[in-house]
Amino acid sequence: MATATHIITEEEAASHPQAEAVVVRFAGDSGDGMQLTGGQFTLSTALAGNDLATFPDFPAEIRAPQGTTFGVSAFQINFGSTAIETAGDQPDVLIAMNPAALKVNVDQLREGGLIIADEGEFSARNLAKAGYEQNPLEDGSLAKWQLVHFNISQLTLDAVKPFGLGNKEALRCKNMWTLGLALWMFDRDRQPIVDWLNTKFAKAPELAEANIAALNAGHAYGETVEIGGVHRHHVAAAPAEPGLYRTVTGAESLALGLVAGAQLAGLKMFFGGYPITPASALLHHLSRLKEFGITTFQAEDEIAAICSAIGASYAGQLGITSSSGPGIALKTEALGLAIMTELPLVVVNSQRGGPSTGLPTKTEQSDLYQAVYGRNADAPLPVIAARSPADAFECAIEAVRIATRYMTPVMLLTDGYIANAAEPWRVPDMSGYEPFPVSFFDKAPAEGESVMPFARNGDLARPWIKPGTEGLEHRIGGIEKQPGTGNIDYSPGAHQQMTDTRAAKVNKVAESIPDQDVCLGNPGAKLAVVGWGSTFGPIHQAVRRAQGRGQDVAHVHIRHIWPMPKNMGELLKSFDKIIVPEMNTGQLKTVLRDQFLVDARPLNKVSGHPFRIAEIEAAIEEALA
Amino acid sequence: MNEMTKVTTAKDWASDQEVRWCPGCGDYAVLKAVQRTMPDLGVAREKTVFVSGIGCSSRFPYYMASYGFHTIHGRAPAFATGIKLANPELDVWVITGDGDALSIGGNHTMHVLRRNLDCQILLFNNEIYGLTKGQYSPTSRVGTRSPSTPFGSVDRPVTPCMFALGSGARFIARGIDVHKALPDVLKAAHAHKGASFVEIYQNCVVYNDDVFASFTERSVAQEKQLWLKPGEKMLFAGDTKGLALDSERLCLKIVEADDPSVIVHDPKNRGVAAMLIELPQGFPVALGVIYEDPAPTFESAVVEQNAAAASGKKADLQALVSKGQTWQVDKEPHAI
């Protein structure tokens with residue numbers, strides 16, 4: 001059993017322990033390169049064969065004033081020799097590069113955990129900026145944790161002295177010094193980082209050498225200097241399915257999945273996007289992949305982004321657009337047109353905290369109402385949600401499949417946490433994916449007969465007719481239409497029939513998706529913890545622990561939010577109680593109640609941070625009490 | 001003309017749908033002009049797409065026997081961009097109005113022009129919102145009384161062709177709904193590679209009747225219309241008057257037709273184009289192709305860059321998913 005909050009006892013530490021899982025948090029100023037440090041530590045950890053999950057936590061400001069609490073950037077990684085599903089409830093180790101980083105993060109450190117602080121940054125000025133009246137490294141206020149501090153800044157300066165860098169540039173190597181120390185602590189190989197630095201600074205070899213020197217110095221410091229309280233841990237490789245692995249962030253895996261989906265459909269892809277945090281990464285990734293028949297278009301706004309994608313779908317490519325909540329709101333009218341004209345489209349929503357600008361860099365899953373209900377009029381569309389960075393790959397393919405088979409826009413929900421977080425991913429064997437090639441309709445009607453752009457097949461989908469096809473010239477638009485011909489038709493019968501058909505078509509999607517499974521536990525359990533999206537990890541661990549205590553709990557994770565699998569109602573009704581943990585104020589809970597009249601109880605959190613396992617465990621205890 | 005393209009007639013371009021504009025609407029004349037022009041362009045119906053936004057004019061695509069997409073308010077240029085990028089072989093026409101293109105869709109109009117997407121944009125300017133029953137529009141003159149401005153509008157109107165020029169349009173022309181020269185303007189717009197911006201003065205008989213009468217009425221047309229022809233002198237009033245540059249005040253002035261200083265129309269002259277677009281009171285209205293200076297089109301640049309970036313690379317999905325730093329796990333999994 002993975003224990004994300006595993007406490008390293010003194011005894012364990014003394015015996016060079018085999019820790020099952022360790023949570024490390026790197027925290028510093030946004031200019032300190034903490035995301036980079038975390039990313040590289042992740043890579044070396046993945047290469048060491050550990051399972052892992054990460055949580056990058058950075059400010060909305062690009063460069064907040066140095067040394068302030070709101071400029072603190074942190075990167076948390078949970079890695080272990082067993083399956084890791086979350087970034088960890090509480091760090092075991094906090095590496096604080098300045099007073100502000102300590103201030104913001106220390107309360108989350110588990111009691112008895114280790115603080116490593118750069119005392120070189122604990123000047124009177126920096127202490128004041130962080131709001132400390134006294135130096136916490138000296139006043140005993142950190143007594144419930146193990147504290148070690150040394151002058152990382154000075155040690156870095158000493159290490160890179162031979163390379164003649166300016167003071168500012170030299171201090172930039174601090175993060176590599178810290179990374180070196182962390183690599184030593186957890187017995188990680190330095191070579192991949194050295195290779196990476198040599199590539200990154202290929203054009204400035206002196207910077208590469210200085211950074212490598214800092215990395216080595218940090219490592220050597222751990223090895224040679226007696227640091228009170230700092231012990232070396234070996235975290236063994238996690239068991240994993242044999243195969244080729246890589247790390248992947250949600251944004252990367254989404255991009256790959258969309259490319260795979262387009263290839264399986266036999267379509268060229270058109271991606272219309274507009275920069276918005278945290279969705280922009282998808283545009284960045286796709287814009288480099290032209291060899292896969294991808295056109296990326298940075299539009300003038302969110303509306304033009306979706307409209308151009310719909311235009312491309314109309315012209316016979318796979319139109320895709322992506323944004324975050326506020327941008328999706330702007331796209332809503334165009335989504336209605338895509339529903340009305342029944343064109344395939346994939347809309348990716350990387351959710352963030354809201355409403356309005358809200359918490360642009362923090363995670364939340366509060367756009368479920370927007371996805372399911374959030375349009376004017378009766379405008380249903382399929383909604384699916386990814387649960388993790390790796391899962392986003394499968395969900396993207398599924399979104400393309402549904403969009404093209406049913407001629408409908410599909411909303412794919414992910415969130416800021418999934419988009420930025422990394423996890424190991426077993427590289428899929430693409431030959432194992434069944435292609436779902438699209439066939440465009442090209443049979444001109446017989447003399448005297450009408451073109452029927454709104455005829456229906458068994459799925460109730462209409463034919464996809466590309467402009468350029470002779471004899472099938474026709475007009476489509478947002479006005480209600482006559483079934484079959486698609487000619488403008490405001491008559492009561494036409495609107496009733498078309499509204500019913502649009503809804504029935506979306507409901508038909510349920511016929512080609514798998515039945516809802518119970519991913520842990522059994523149908524009929526006393527309690528089901530039902531979740532969706534990125535809460536998968538903490539729910540799964542919490543349910544696993546509760547089962548370990550002998551409790552009759554099941555975990556149901558919903559990928560297909562709309563329509564839901566056919567057996568969902570029956571399954572939910574088999575449980576005595578249902579709780580629905582969500583990073584919103586109870587949105588899936590509402591949908592479940594609405595659709596199935598079940599007594600689903602909410603468990604909500606909107607702090608901008610993912611659930612902790614312990615929070616869900618407590619809710620399970622309470623529900624079963 | 002592509003020799004494979006079937007010869008068509010105006011009738012071939014009319015769809016079977018009943019046209020539903022108000023009797024006497026200028027839109028009928030524009031529809032007829034377009035249907036009459038299409039056969040002369042040597043284009044195929046199946047390769048032609050009319051894209052529109054919302055408004056009276058935006059019903060236009062339903063009446064053309066080509067492909068057509070009636071989209072949402074103001075966004076037709078964005079749809080057109082996706083269509084043209086997805087299939088550059090399609091001949092794309094954008095049909096829009098003063099509210100659609102310059103109010104709700106002003107942003108998209110600006111960007112489609114600066115990007116220079118190869119399409120024809122026909123802006124039906126009637127200086128009023130017709131479909132919503134007569135509110136003043138961004139091209140309405142100050143003082144326009146309408147249901148939403150019962151005491152007269154107070155905000156100054158935008159000049160569509162100036163907006164286009166400022167947005168970087170490389171083709172700017174004007175026509176009049178019922179004028180016989182409209183097909184020639186349309187042909188020139190079609191011949192231009194890039195975004196062709198055509199403002200068509202269109203009379204709304206119901207909500208803004210005769211708003212352009214001061215220069216469209218038969219009695220004043222000769223005096224008040226200056227039809228520009230590339231390479232020819234800027235003459236009007238039955239070739240009795242012309243335009244010349246007032247080099248002291250750096251503006252245009254009216255001179256006798258035989259004055260040697262009468263300007264020859266050079267559509268590439270952007271400075272003169274600006275002056276022609278905003279000829280002051282007492283001058284005729286400049287019509288025809290005011291400005292044309294071709295530049296590479298957006299879709300051709302995109303296609304070219306996509307091809308260059310893809311050249312020499314194989315679309316190998318397995319290789320793509322296997323990229324980055326990878327590691328092999330060989331051992332059999334064991335239970336956790």
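**Ground rules.** I am working with a predicted model, where local features need pLDDT of at least 70 and side-chain atom pairs count only at pLDDT 80 or more, while totals for chains, interfaces and linings use all residues. Residues are numbered from 1 along each chain as its sequence is written, chains are lettered from A and ligands numbered from 1 in the order in which they are written, and side-chain values use heavy atoms, with hydrogens and water left out.

**Entry 1: the interface.** I started with contacts (heavy atoms within 4.5 Å). I found 74 residues of chain A touching 60 residues of chain B. Next I looked up the buried area, that is, the accessible area (1.4 Å probe) that two parts lose on being put together, summed over both. It is about 5700 Å² between chain A and chain B, and carbon and sulfur atoms give 64% of it. Glu291(A), Glu300(A) and Arg475(A) supply 12% of what chain A buries against chain B, more than any other three residues.

Entry 2: I counted salt bridges (a side-chain nitrogen of Lys or Arg within 4 Å of a carboxyl oxygen of Asp or Glu). The rule finds two across the interface. One of them joins Lys6(B) to Glu470(A), with the closest N and O atoms 2.9 Å apart. I then looked for polar contacts (N or O atoms within 3.5 Å; within protein, one must be able to donate a hydrogen and the other to accept it, and residues adjacent in sequence count only if both atoms are side-chain atoms). The interface of chain A and chain B has 27 such residue pairs, both at pLDDT 80 or more.

**Entry 3: who supplies chain A's side.** I used helices (H or I, at least four residues) and strands (E, at least two) as DSSP runs, numbered from the N terminus. Several elements of chain A each supply at least two residues to the side that touches chain B, among them α2 (34–47), β7 (243–249), α12 (302–314) and β14 (422–426). The largest share, eight residues, comes from α12(A).

**Entry 4: a sheet across both chains.** I count strands as paired if DSSP finds at least two bridges between them. I traced an open sheet of three strands, β14(A)-β7(A)-β12(B), with antiparallel pairing. β14(A) and β12(B) stand at the edges with a single partner strand each, so one side of each is left without a neighbour in the sheet. Axes here are lines fitted to C-alpha atoms, for helices over the stretch in contact, and angles run from 0 to 180 degrees between N-to-C directions. The twist averages 35 degrees from one strand to the next. Four bridges join β7(A) to β12(B) (residues 326–329). There, Gly243(A) stands opposite Val329(B). β7(A) and β14(A) pair over five bridges, and Val248(A) has Glu423(A) as its bridge partner. α2(A) lies across β7(A), β14(A) and β12(B), at about 25 degrees to β12(B).

**Entry 5: a sheet within chain A.** I also looked up an open, parallel sheet of four strands, β17-β16-β19-β20. Its edge strands are β17 (553–558) and β20 (600–604). β19 (577–582) and β20 of chain A share five bridges. Ile578(A) is bridged to Ala600(A). Helix α20 (587–596) of chain A packs on this sheet, and its direction makes about 175 degrees with that of β20(A).
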